[in-house]
Amino acid sequence: MSRRYPRGTLLLVEDDPVMGGSLADRLGLEGFDVAWVQRAGEAQAALARLRPDLVLCDIRLPDGSGEALYATLRPALGTAPVVFLTAFGEIDQAVRLMRAGAADFLTKPFAVDDLLGRIDTLLARRPPAEVTGTLGASAAMRAVEATLVRAASVDSTVLLTGESGTGKEVAARFLHARSTRAPRPFVALNCAALPESLMERELFGHEKGAFTGASARTPGYAEQAGEGVLFLDEVMELAPALQAKLLRLIEAREFARLGSARTIPFRARIIAATNADPDARVREGRFREDLLFRLDVIRVAVPPLRARAEDILPLALSFADEFAAAFGRAVAGLRPAAEEALLAHDWPGNVRELRNRVERAVALATSPWLDAADLFPDLPRPLEEVLPTLAGVVEAAERRSIAAALAATGGDVAAAAGRLGVARSTLFEKMRRLGLRGRA
């Protein structure tokens with residue numbers, strides 16, 4: 001059976017009864033399911049009952065501004081792009097909204113055909129909104145993934161925070177891959193890796209003769225990124241002088257190579273990451289507050305591995321498969337003692353430590369089954385003291401099975417119970433005892 005509205009659902013927020021009615025009628029004839037409201041409060045109520053594919057919103061509303069409404073509703077919009085309809089005198093405000101993540105704006109009066117063209121373009125390039133569990137099966141990482149999926153549909157600057165080794169660059173690459181910039185370069189620069197003098201050259205590039213030894217023109221990372229992504233890892237470690245230059249790069253969207261007075265447009269999206277506390281760095285006077293404001297448009301905290309135990313064993317097995325293929329080794333899996341040792345460890349080095357331990361184990365193990373001693377050769381106690389009890393092995397296996405079923409069903413407890421062959425009430429009780437969560 002064909003859908004009545006094959007082109008999607010639109011939320012139209014327009015208080016002018018003539019324009020709103022006319023747009024709703026025309027968009028309906030074009031195949032859209034249009035929900036037309038005239039006030040900000042009605043828009044909030046509409047989003048409680050529907051998930052639009054795109055929002056058209058006037059900036060001036062009877063009970064508030066479109067800008068305030070956008071700030072309130074953005075978390076509920078998912079990947080839905082927002083197009084603002086604005087009078088000529090509100091263009092500055094519309095530009096500000098686009099910097100905050102809005103997709104486009106149209107100045108009244110506008111041609112409806114122009115509006116339809118923009119709608120088609122935005123809907124065609126919007127990335128899919130589903131959360132796949134690519135970054136992890138745990139609820140914490142699925143929440144991170146959901147935020148990154150929403151952020152992928154806009155060009156706002158993203159600041160990834162979290163301990164060293166949690167996978168912030170992996171998250172940045174995931175965000176890039178889900179965005180419309182995916183075919184463009186992803187260029188990563190570690191801001192803590194080089195001294196100030198070299199960092200400026202690396203970021204902006206230089207002309208021939210700009211300094212002793214500069215024998216040729218060299219493009220910097222900002223130029224190499226093109227229209228893709230410039231990933232600034234450990235951005236809080238930038239020296240004060242470079243913080244000022246990065247601020248200008250973001251604000252002016254242009255830069256000059258060292259030794260040149262000619263400016264070059266900067267078109268890349270910036271994703272930054274840090275293992276420091278950004279707000280504490282500002283309070284301590286070690287990082288510019290105005291620069292943090294520019295970087296911290298969308299902040300995403302990547303949780304430590306110890307806070308997402310459901311991800312430990314799937315990650316370990318994934319790394320084992322990866323290194324088995326790379327090294328030409330036969331790896332059958334993890335012994336129960338290895339699984340228990342992995343789950344008992346507090347992972348101060350996070351995912352990076354887990355990857356390194358699995359790499360070493362695959363490289364040096366004498367059996368296809370990886371054991372605790374392969375992963376933790378530095379255990380301070382005799383191995384027999386850390387072997388799990390039978391009850392512990394059963395509980396760990398039960399936890400893994402339930403977590404895998406929940407991950408496969410998107411957290412749907414009824415569906416997971418069906419996969420496991422148990423009653424839903426039984427599964428709920430086991431989840432309560434094991435500290436697992438899902439949705440009814």
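## Close-up views of a predicted model

**View 1. A polar contact of 2.7 Å joins the side chains of serine 138 and aspartate 311.** A polar contact is a pair of N or O atoms within 3.5 Å; within protein, one atom must be able to donate a hydrogen and the other to accept it, and residues adjacent in sequence count only if both atoms are side-chain atoms. The model is predicted: local features need pLDDT of at least 70, side-chain atom pairs count only at pLDDT 80 or more, and totals for chains, interfaces and linings use all residues. Residues are numbered from 1 along each chain as its sequence is written, and side-chain values use heavy atoms, with hydrogens and water left out. Serine 138 is placed in the loop between helix 5 (112–125) and helix 6 (139–151); helices (H or I, at least four residues) and strands (E, at least two) are DSSP runs, numbered from the N terminus. At 2% relative accessibility, serine 138 counts as buried, a term that means under 20% relative accessible area (1.4 Å probe, protein chains only).

**View 2. The surroundings of serine 138 include Arg308, Glu310 and Asp311.** Arginine 308 stands 170 residues from serine 138 along the chain, yet their C-alpha atoms are separated by 5.9 Å. A polar atom of the serine 138 side chain also lies 3.2 Å from the backbone nitrogen of methionine 141.

**View 3. Helix 8 (residues 196–204) has the buried residues Met199, Glu200, Leu203 and Phe204.** Seen down the axis of helix 8, these residues fall within an arc of 105°, so they line one face of the helix. The arc is that of the directions from the helix axis to the C-beta atoms. An α-helix has 3.6 residues a turn, so residues three or four places apart point the same way. The cover over the buried residues of helix 8 includes strand 9 (186–190), helix 9 (221–224) and helix 10 (240–252). Just after helix 8, glycine 205 takes a positive phi of about 80°.

**View 4. The largest cavity has a volume of about 50 Å³.** On a 1 Å grid over the protein atoms alone, a cavity is a set of points where a 1.4 Å probe fits but cannot get out, a pocket is an open set with protein on both sides within 12 Å along at least five of seven lines, and lining residues have an atom within 4 Å of a point. Grid points are joined across faces, edges and corners, and a volume is the space filled by probe spheres set on the points. Val55, Cys57, Leu69, Tyr70, Leu73, Leu77, Val82 and Phe84 line the largest cavity. Helix 3 gives the most to this lining, with three residues.

**View 5. The second largest cavity holds about 30 Å³ of space.** Its lining consists of Leu189, Cys191, Met199, Leu203, Leu232, Leu238 and Leu246.

**View 6. The second largest pocket holds about 540 Å³ of space.** Of the 25 residues that line this pocket, Thr166, Gly167, Lys168, Val170 and Val351 lie nearest its centre. Helix 7 gives the most to the lining, with four residues.

Methods:
Buried < 20%, exposed > 50% of the residue type's maximum accessible area, 1.4 Å probe, protein only. Contact = heavy atoms within 4.5 Å.
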